[in-house]
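I opened this entry to keep a record of what I looked up.

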Amino acid sequence: MPHTASRYLAEGPRVGIRHFTYEDGAEFTARARESKQLHQPWLFPPDSESAYVAYAGRLIEDRTKAGFLVCEKDGERGDGAIAGYININNIVEGGFRCGALGYGAFAHAAGRGLMREGLNLVVDHAFGPMRLHRLEINAQPQNTGSLALARSCGFRLEGFSPKMIYIDGDWRDHERWAITAEMRASG
């Protein structure tokens, strides 16, 4: 029996992660529009085709970014429906080997543990094939879902930064969470 290659970079029991493609635009933007109430005021993912093309282009072409779609292996349609996304931004190589994570679940997948599985796959991929050493998450203190996800995947709280990131018309306070390859290996 011939071996068929998986479309995923990594797989867990319920999800697989893969890179963004331009062809994902229609599904991604439809999911973003369906999920506005869940995302705002924390996230503003692209919800139009032109915004998606620009967003995906940065993730596909910029070496300091890596974008991953979290896809249900046996989802509502059984065809790899996009459950959410996880991006590694501001990737620094050399002695630092670090990146900053940003992520969002889509409404149909929220609260089902799919993003926890996906984030664990991305962390393993970052510390494995990508050869990063440290990943950081910056989340607003009121974003309890994002903080719970960071905590459940083994990230530790490292500090608080007032007025750290400009979001939705104002500078917002953020908690800083991080994990290192050593923490992951001993966890």
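I am working from a predicted model, in which local features need pLDDT of at least 70, side-chain atom pairs count only at pLDDT 80 or more, and totals for chains, interfaces and linings use all residues. Residues are numbered from 1 along each chain as its sequence is written, and side-chain values use heavy atoms, with hydrogens and water left out.

Fold. I looked up the elements, taking helices (H or I, at least four residues) and strands (E, at least two) as DSSP runs numbered from the N terminus. The protein has six helices and eight strands. Their order from the N terminus is β-β-α-α-α-β-β-β-α-β-α-β-β-α. The radius of gyration is 16 Å, close to the 16 Å of the globule rule for 187 residues, so the protein is as compact as a globular protein of that length. That radius is taken over C-alpha atoms, and the rule is 2.2 Å times the number of residues to the power 0.38.

Burial. I find 45% of the 187 residues buried, meaning under 20% relative accessible area with a 1.4 Å probe, protein chains only.

Helix α5. Which residues of α5 (residues 144-152) are buried? I list S146, L147, L149 and A150. They cover an arc of only 160 degrees around the axis, which puts them on the same side of α5. The arc is that of the directions from the helix axis to the C-beta atoms. I note that these buried residues pack against β5 (98-105), α4 (114-127), β6 (134-139) and β8 (170-180), with contact meaning heavy atoms within 4.5 Å. Just after α5, G154 has a positive phi of about 90 degrees.

Terms used. Buried means under 20% relative accessible area, exposed over 50%, partly exposed in between (1.4 Å probe, protein chains only).
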